[in-house]
Amino acid sequence: MDIDPGADGSVPPVPPVPPVLIGNSSDVGWKYGKYCDPNNKSKVKCDFCGHISTGGIYRFKKHIVGVDNVVASCKKATPEAKEACKKALEKTVVTKGLKRQHDQDLRDDVHISSSVGEEVCVGSSTSEPNKVGPMDKFVRPIDGKSSKEEALRQLSMNEALFKERVHQASQYVARWVYTHAIPFNALDNDEFKQMCEAIGKFGPGYEPPSQFDLREKLLTEEYARTKSLLDDREAQKIKLGCTIMTDAWTDIKRRSIMNVCMHCSGGTSFLKSKETSDVSHTGEVIFELVDKAIEEVGAQHVMQVCTDNASNNMAAKKLLLEKRPKIFWTSCATHTINLMLQGIGNIKRFKSIVDQAQKVTIFIYAHHKTLAYMRKCTKRRDIVRPGVTRFASNFLTLQSLAEKRDALRGMVVDRAWEEMPIVKTKKGKDATATLMDANFWKGVTLCLKVFEPLVSLLRLVDGDVKPSLAWLYGEMLKAKTKIKEAFGNNEKNYRETIAIIDKKLKGRLDSPLHKTAYLLNPHYTYANKDIFDDSSMTVALMKCAEQYFGEDEISAKKMINEEWLLYENMEGPFKKKLATSWERADYNPVGWWKLYGTEVPLLQKMAMRILSLTSSSSGCERNWSIYEMIHTKRRNRLTTDRLTIWSIYNSIQGCCPRDKGGDDYAVVVFRDEEDGDQGVHPASGIPYDVIGEAMGAQEQLQVRRSARVRDLEEEEFESDEEDVLEEDEIEYEDDDEY
């Protein structure tokens with residue numbers, strides 16, 4: 001479709017995009033209905049029959065399903081729509097039921113006892129505790145002499161009184177939250193609910209603990225109680241081994257602190273911290289700290305030490321191997337993959353796209369009017385999205401731009417955008433041209449295809465949900481294959497990218513331990529038996545077995561010459577039909593070896609201990625967040641020892657905010673331009689690419705030769721590393737100046 005320019009050669013304004021009358025949630029009900037009025041959220045109109053439901057999206061789904069006599073059923077709904085809404089309703093019922101049961105269990109776990117062991121309600125003058133519970137909203141003692149009308153009136157008054165009492169109590173809670181800047185999500189914590197229940201059971205007159213009690217006695221008691229919850233991890237450490245992780249950081253008082261953590265199949269546990277402000281972080285210092293931690297945990301239980309790739313850590317590695325030759329020392333996978341993303345991001349074709357996206361994002365966020373209008377067009381969804389690392393943040397920002405592509409392009413062709421004075425500046429015109437440039441969006445799509453496999457792998461190794469060493473090497477090979485496919489398997493196009501990956505991979509994530517874990521995972525080896533014929537894999541297996549068994553040459557020979565052949569040839573228990581569970585991507589390799597490795601005890605034990613290991617030292621980095629959460633400017637007099645106890649407690653309790661889906665692959669949804677889905681303006685039906693060409697988007701973005709402008713097309717240079725873009729750090733400009 002062509003666009004006819006006006007008499008003066010200008011492009012006529014495109015009609016504004018009509019508002020979409022659907023909710024901001026991802027509820028399945030919005031596929032089949034929409035708001036009648038954006039100002040009235042309770043009325044939802046059915047797309048099938050036109051019926052208007054007045055109870056919101058939940059009642060609308062009942063209308064689609066047609067199982068409730070109170071709600072009019074839809075006669076024209078498709079079976080697929082009915083089934084989808086029915087599952088959503090059932091899921092809601094189950095979720096609410098589980099939440100009610102969970103809240104009740106929390107209440108039942110609270111016990112306030114007297115000196116003789118009876119549970120009482122302090123402050124009550126009667127023999128029975130005078131409690132106010134959920135049933136008090138519906139059941140009240142009523143005078144038997146009163147009439148039916150008086151009884152009902154009294155019941156209604158009691159219900160109103162109950163609501164008023166709850167409201168008054170909530171006011172005191174809110175006042176405490178507002179006064180001391182307590183995060184609102186802290187009220188969703190189970191411990192807060194139990195605290196309220198305990199105070200309610202105690203009754204009037206409860207005196208809160210003093211600061212001294214919180215600092216000394218109660219903290220020590222909670223630490224001891226929480227440590228007792230780690231008995232399961234202690235058993236897993238003895239059976240499957242563990243990993244020692246260490247990392248250093250600097251707190252707000254410029255103290256240098258080194259964290260030491262232990263990881264087993266049950267998760268990461270904080271061991272200790274040491275202030276090292278008065279010493280240099282040499283290899284000897286790190287070695288002594290790690291060696292003492294190994295002694296405390298038990299050298300016979302430690303399988304590996306995991307740190308980043310700093311030179312001082314590599315020096316400590318040599319010292320440790322001399323003293324404890326059976327313990328492996330590996331590089332942090334999260335740090336290594338981050339270096340890969342950094343190197344690929346510096347390639348010219350990708351860096352230009354990332355820089356353009358950053359300029360657009362900075363322009364929008366630097367001006368209040370553009371930011372407000374962007375949020376209006378994207379239904380208050382932001383572009384800036386923090387990730388695990390700075391380079392993962394770039395990927396997530398590109399992904400966010402791709403998800404909002406049509407909304408952003410519709411925004412910049414709208415009259416309200418064009419009338420903003422700030423948009424008429426050079427930066428504004430560049431931002432508009434970038435969002436309308438078809439080549440920019442093709443570049444974004446290519447960046448996502450190339451970055452996505454590595455970001456998915458980054459999420460896998462950065463999570464604590466399951467051990468990642470069993471999957472690291474195999475998924476790295478798959479990631480390289482996907483990247484080659486993104487370039488159309490053209491070696492000329494992918495050569496530079498794959499070279500960066502191989503350079504960072506060598507000596508870090510391709511050690512004998514990594515390759516042996518790859519061999520011991522039947523999900524890869526049984527799916528491709530040629531892996532066993534790879535000589536480099538055989539050499540890695542031999543080296544790993546020699547280090548694992550140490551001086552026990554008899555066991556090493558028996559494992560390699562006898563037991564390994566049974567596994568490689570799928571003989572004995574490995575050929576059972578039930579053993580094909582390895583085909584599933586969600587199977588547990590440790591559990592698989594426990595079931596089917598009974599006839600090869602030496603290989604079984606080695607496989608279970610290796611496949612239970614982590615590949616990343618991210619657990620230490622997450623403890624920085626715990627320290628920063630506890631040791632703030634308002635709470636900076638805590639000693640290092642007391643801060644360590646508090647951090648151990650919080651790390652065990654899972655208080656540190658983390659990505660619960662760290663092991664789930666990053667889901668990337670973007671459109672491929674080759675599929676022909678280029679997007680059209682909803683009001684005019686004109687493809688956005690055509691509109692961009694008519695607006696001269698590519699001409700606006702062309703580099704103009706000048707003595708003040710570096711010709712980026714001819715000269716390559718290395719730029720200084722930029723800081724991650726955070727919304728709080730953007731310097732806002734005054735819109736009124738334009």
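Which side chain of opposite charge is nearest to K404, a residue that has no salt bridge?

## The setting of K404

In this predicted model, K404 occupies the loop that runs between α13 (390-403) and α14 (405-412). K404 is buried yet without a salt bridge, and the nearest side chain of opposite charge, that of E403, is 4.1 Å away. With its neighbours within four places in sequence left aside, K404 is in contact with T378, R381 and D382.

## Nonpolar cores

The largest nonpolar core holds 106 residues, of which L398, F451, L454, W592 and W593 touch the most other members. Helix α17 (residues 438-462) supplies the largest share of this core, namely 14 residues. When neighbours within four places in sequence are left aside, the contacts of L398 are I353, V354, A357, V444, C447, L448 and F451.

Another core, of 19 residues, lies apart from the largest one and includes I286, V290, V302 and I327.

## The five-stranded sheet

An open sheet with mixed pairing is built from 5 strands in the order β6-β5-β4-β7-β8. Because β6 (267-275) and β8 (328-331) stand at the edges with a single partner strand each, one side of each is left without a neighbour in the sheet. Neighbouring strands are turned against each other by 25° on average, direction ignored.

Strand β5 (residues 256-264) and β6 run antiparallel and are joined by 8 bridges; in β6, G267 is the bridge partner of C264.

How values were computed:
Residues numbered from 1 in each chain as written. Predicted model: local features only at pLDDT ≥ 70, side-chain atom pairs only at ≥ 80, totals over all residues. Heavy atoms only, no water. Pairing = 2+ DSSP bridges. Helix = DSSP H or I, 4+ residues; strand = E, 2+ residues; numbered from the N terminus. Axes fitted to C-alpha atoms, helices over the stretch in contact; angles between N-to-C directions. Core = buried A, V, L, I, M, F, W, Y, C linked by side-chain atoms within 4.5 Å. Buried < 20%, exposed > 50% of the residue type's maximum accessible area, 1.4 Å probe, protein only. Contact = heavy atoms within 4.5 Å. Lys, Arg positive; Asp, Glu negative; His and termini not counted. Salt bridge = Lys/Arg side-chain N within 4 Å of Asp/Glu carboxyl O.
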